[in-house]
Amino acid sequence: MPAPKQTTRRSLLVTSALLSSLALAAPAAVAAPKPSDSPSASASPSATPPASMSSVGGARLGRPGTQVNLASGVPVLPKDVSARSWIVADAETGDVLAAHNAHWRLAPASTLKMLFADTLLPKFPSDTKHKVVPADLAGIGAGSSMVGIKEEETYSVHDLWLGVFLRSGNDAVHVLSAMNGGVESTVKAMNEHAEELQALDTHVVSPDGYDAEGQVSSAYDLTLFARSGMQKKDFREYASTVRAKFPGQTKKGKKVRESFEIQNTNRLLAGDSDVPVYEGIAGVKNGNTTNAGATFTGVAERGGKVLLVTVMNPEKPDHNEVYKETARLFDWGFKAAGKVRPVGELVPPKGAAQAKPGANPSGEAGGSGDGGSGEAGTGSKPVASAPAADGSSGIGIALGITGGVLVLLAGGAFLVNRRWPLPDLVRRRTRP
């Protein structure tokens, strides 16, 4: 009979569609063995990438070497990129435009602080005060980058995050970790958050990114951390701040505590003698250790396109090479966007499909958002060009991202489209 046959056919089509949508998400669950179970957990990675790596985000991202779909009208990749691993992705759609050893587990250096911040920022209101005791600064690695925190001095959480983002201060990381129950508790929380983000190449041993046996991440995972962090208002503000005042040590006989200026060590944001400020840059985080070499993840916008680029350990020894290679990859990405067919995707967090309409996505520290409306009255200010609390300001074209309009597609539609849009992208402000 025709009617039952038609009904059966519809049922089969629905079932097929459902299975297909689940299959699209399946690669996110496929990962290489965890670092603790693998020889790659060594603090000294091999000179060449493994033949088989994680396939999170797509099978091609698990292959060694450069992955790109060159075709008519697509610009050729820059030939002078020497990094062991890199990735160029669309921050809004999650499309990976090109990659090189994207899932190679390497030492991350201070770019791991993006995961630290994304994990801990919501836990403490920015105006919370903390008096530093000697135990807070215990266990900081020799030669660590420091912002200059002193024992028996009181700092606000806002001060501490400025120290983390601008000066990559391991002392600030350890104080915040102490406030969070200690380094061990913080490392556990970071590993759990990495798993939630489907950053399965990552294994955290030290929350500050200091070289440690078994501590690894990948260009793919670092890009996930940046993308997740940029959903948070306070993360965006700290990551895009160029300079700020930091509290100094209280001097005897002085009623007013003096401060000193700190500047962001992200050279694409602050500039340097051989690296100009990159047009459209709005963060995110750099790192450098003996074992990791130089690492960097940046976010930039041009012409309505927002890209994320991560570069790990350039082999060329030139000064600021990690920023120069990042800039070349950004240049390529902006030219290729809309022309090149993606080679993979940045997967959403595990819980993204369960996000409910009206939930507060502002991510302000301490839950200071206004519920369903997000950052009421504040979302229209471009963060990199906005004045900081002390009157200092950022530079360049910034991401003015309003958390209140974050949209996470739910259910089957999310699985099919596999998009995690950034909210209310991009406003411009004239350079100061």
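Phe260 is partly exposed, with a relative accessible area of 32%; a residue is called buried under 20%, exposed over 50% and partly exposed in between (1.4 Å probe, protein chains only). Phe246, by contrast, is buried at 0%. The model is a predicted one, in which local features need pLDDT of at least 70 and side-chain atom pairs count only at pLDDT 80 or more, while totals for chains, interfaces and linings use all residues. Residues are numbered from 1 along each chain as its sequence is written, and side-chain values use heavy atoms, with hydrogens and water left out.

**Aromatic pairs**

Rings of Phe, Tyr and Trp (its six-membered ring) pair if their centres lie within 6.5 Å; planes under 30 degrees apart are stacked, over 60 edge-to-face, and the rest tilted. By this rule there are nine aromatic pairs. One of them is formed by Trp161 and Phe165, and this pair is tilted. Both residues belong to helix α3, where they are four residues apart and thus separated by about one helical turn. Trp161 is buried at 1% relative accessible area, and Phe165 is buried at 2%. The rings of Phe246 and Phe260 also form a tilted pair. Phe246 lies in strand β6 (residues 243-247) and Phe260 in strand β7 (residues 259-263), so this pair ties together parts that are 14 residues apart in sequence. Helices (H or I, at least four residues) and strands (E, at least two) are DSSP runs, numbered from the N terminus.

| Pair | Centre to centre | Angle between planes |
|---|---|---|
| Trp161 and Phe165 | 6.2 Å | 55 degrees |
| Phe246 and Phe260 | 5.7 Å | 55 degrees |

Ring pairs also link Phe116, Trp161, Phe165, Phe235 and Tyr238 into a cluster.

**Packing of the helices**

Two packed helices are described by the angle between their axes and the distance between the axes. Axes are lines fitted to C-alpha atoms, for helices over the stretch in contact, and angles run from 0 to 180 degrees between N-to-C directions. The axes of helix α3 (residues 157-167) and helix α7 (residues 233-240) come within 8 Å and cross at roughly 55 degrees. That makes α3 oblique to α7; angles under 35 degrees count as roughly parallel, over 145 as roughly antiparallel, 65 to 115 as roughly perpendicular and the rest as oblique. In contact here (heavy atoms within 4.5 Å) are His158, Trp161, Leu162, Phe165 and Leu166 of α3 with Phe235, Tyr238 and Ala239 of α7.

Helix α2 (residues 113-120) packs against α3 at an angle of about 155 degrees, with the axes 11 Å apart. The two helices are therefore roughly antiparallel. On the α2 side the contact is made by Lys113, Phe116, Ala117 and Leu120, and on the α3 side by Trp161, Val164 and Phe165. Eight of the eight residues of α2 are buried, so this helix is largely enclosed by the rest of the structure.

Asn101 is placed in the loop between β3 (95-100) and α2. At 4% relative accessibility, Asn101 is buried. Leaving aside neighbours within four places in sequence, Asn101 is in contact with Pro49, Met53, Arg63, Pro64, Gly65, Arg84 and Ser85.
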